[in-house]
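The sequence and the model come before the entries.

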Amino acid sequence: MKLLVTGSHGQLGRELQLLLDKEMPGSAIYTDKDELDITDQKAIEDFLTKHDISHIINCAAYTDVERAEDEKLECSALNFTAVKNIAMAADSNGAKVIHISTDYVFDGTSNRPYRESDKVNPISQYGTTKRKGETALIALAPESIIIRTAWLYSPYGRNFVKTMLRLFKSQPEVKVVCDQVGTPTYARDLAKAILKIVNSNQWVPGIYHFTDEGVASWYDFAKSIAKLSGYGDYKITPIPSEEYPQGAARPYYSVLDRSRIKATYGVEIPHWEESLAECLRIMKEEKF
Ligand SMILES: NC(=O)c1ccc[n+]([C@@H]2O[C@H](COP(=O)([O-])OP(=O)(O)OC[C@H]3O[C@@H](n4cnc5c(N)ncnc54)[C@H](OP(=O)(O)O)[C@@H]3O)[C@@H](O)[C@H]2O)c1
């Protein structure tokens, strides 16, 4: 087995590298855009052939939801065209693909956790291009596995946890949206789920939902970050989305139903607050 992890400098890519180096040393090659630009079809074909890759884990994506509204072409190149490239190269080289997608393929009008079979209706450029990536992959490499996740954070890269920690230190109070609901997800937990699939003796193609357990608003998430990082008395004010206007529309409700991945692969999922405590502990110990 030879794995290729693309986008390896991102949040998920870094967690996967840490995990694979520990659990399956020597089994993977890690690339980011300098080593392998996935918008370059020929480069992917050549790479797969040269390194005899059996599995591609695509962690690369255009993930800036706000900027995507202005940079439509760049966003589409990475979230759609590059996924198409990977699908074609995987198909011609006999490699399996695990691709990561998002809760933002849904419009957020559901009143129960979204299942994989629920109707998609993205409401942002980011969500639209991620959905186009899913569709291309299913059409061109139907044996692929797609994992939709949400609200990712880790000690690495840009994310809500790091933004809140910065704000707690630099300003006396913060206002946080309380009417958008989802599930904060530690990228390390997703990396573990991916490893479980790779090491499983079965390969069941299709779409899976993975987030940590539980439900929270961004406000709940911010309060927990404060409580768990020694800022329990810090002033956090809940506000409705209208008071925090953004360029890209976000789903109000984007909780994902994780039953399928649990039933198929026996993935055990921790509660988001437990994982947040673990991530903050690591960030403190390793002085992030
Ligand atoms: N972050 C979230 O909250 C969230 C929520 C739901 C789903 N997801 C999905 O989860 C996956 C992982 O997200 P993440 O937060 O780990 O992403 P991330 O931190 O933004 O990492 C993406 C990586 O891809 C790299 N990249 C950019 N252009 C590339 C190219 N042409 N070729 C190869 N690599 C390239 C980026 O490099 P640069 O940084 O230098 O551009 C970055 O290192 C993505 O599919 C994302 O859509 C994320």
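Where does Asn201 lie? I found Asn201 in the loop between helix 7 and strand 10 (206–209), where helices (H or I, at least four residues) and strands (E, at least two) are DSSP runs, numbered from the N terminus. I note that the model is predicted, that local features need pLDDT of at least 70, that side-chain atom pairs count only at pLDDT 80 or more, and that totals for chains, interfaces and linings use all residues. I number residues from 1 along each chain as its sequence is written.

**Entry: Asn201**

Asn201 is exposed, because it has 4 other C-beta atoms within 10 Å. I also checked its distance to Met88, which is 113 residues apart from Asn201 along the chain, and the two C-alpha atoms are separated by 25 Å.

**Entry: the ligand shell and Gly10**

I listed the 24 residues around the ligand, of which Gly7, Gly10, Gln11, Ala60 and Ala61 come nearest; a residue is near a molecule or strand if its C-beta atom, placed from the backbone, lies within 6 Å of it. Helix 1 (11–23) and strand 4 (96–102) are the elements that give two or more residues to this shell. By type, I recorded 10 nonpolar, 10 polar and four charged residues in the shell, where Ala, Val, Leu, Ile, Met, Phe, Trp, Tyr, Cys and Pro count as nonpolar, Asp, Glu, Lys and Arg as charged, and the others, Gly among them, as polar.

I then followed Gly10, which is found in the loop between strand 1 (3–6) and helix 1. Gly10 counts as buried because it has 23 C-beta neighbours inside 10 Å. Not counting residues up to four places away in sequence, Gly10 touches Cys59, Ala60 and Gly157, contact being C-beta atoms, placed from the backbone, within 7 Å. Gly10 and Ser154 are 144 residues apart along the chain, and their C-alpha atoms are separated by 9.6 Å.

**Entry: helix 10**

The buried residues of helix 10 are Trp272, Ser275, Leu276, Cys279 and Leu280. Seen down the axis of helix 10, these buried residues fall within an arc of 135 degrees, so they line one face of the helix; the arc is that of the directions from the helix axis to the C-beta atoms. I noted beside this that an α-helix has 3.6 residues a turn, so residues three or four places apart point the same way. Arg281 and Glu285 are exposed on the other side of helix 10. The cover over the buried residues includes helix 6 (160–170), helix 7 (187–199) and helix 8 (218–228).

Glu274 also has its place in helix 10, and I recorded it as partly exposed because 13 other C-beta atoms lie within 10 Å. Just after helix 10, Lys287 takes a positive phi of about 55 degrees, and Lys287 counts as exposed because it has 5 C-beta neighbours inside 10 Å.

I found another positive phi, about 45 degrees, at Trp151, although it is not a glycine. Trp151 lies in the loop between strand 5 (145–149) and strand 6, and it is buried because 23 other C-beta atoms lie within 10 Å.

Phe106 lies in the loop between strand 4 and helix 5 (125–140), and it counts as buried because it has 24 C-beta neighbours inside 10 Å. Leaving aside neighbours within four places in sequence, I found Phe106 in contact with Tyr114, Asp118, Val120, Asn121, Pro251 and Ser254.

Technical notes
A residue is buried if 20 or more other C-beta atoms lie within 10 Å of its own, exposed if 12 or fewer, and partly exposed in between; C-beta atoms are placed from the backbone. Two residues are in contact if their C-beta atoms, placed from the backbone, lie within 7 Å.
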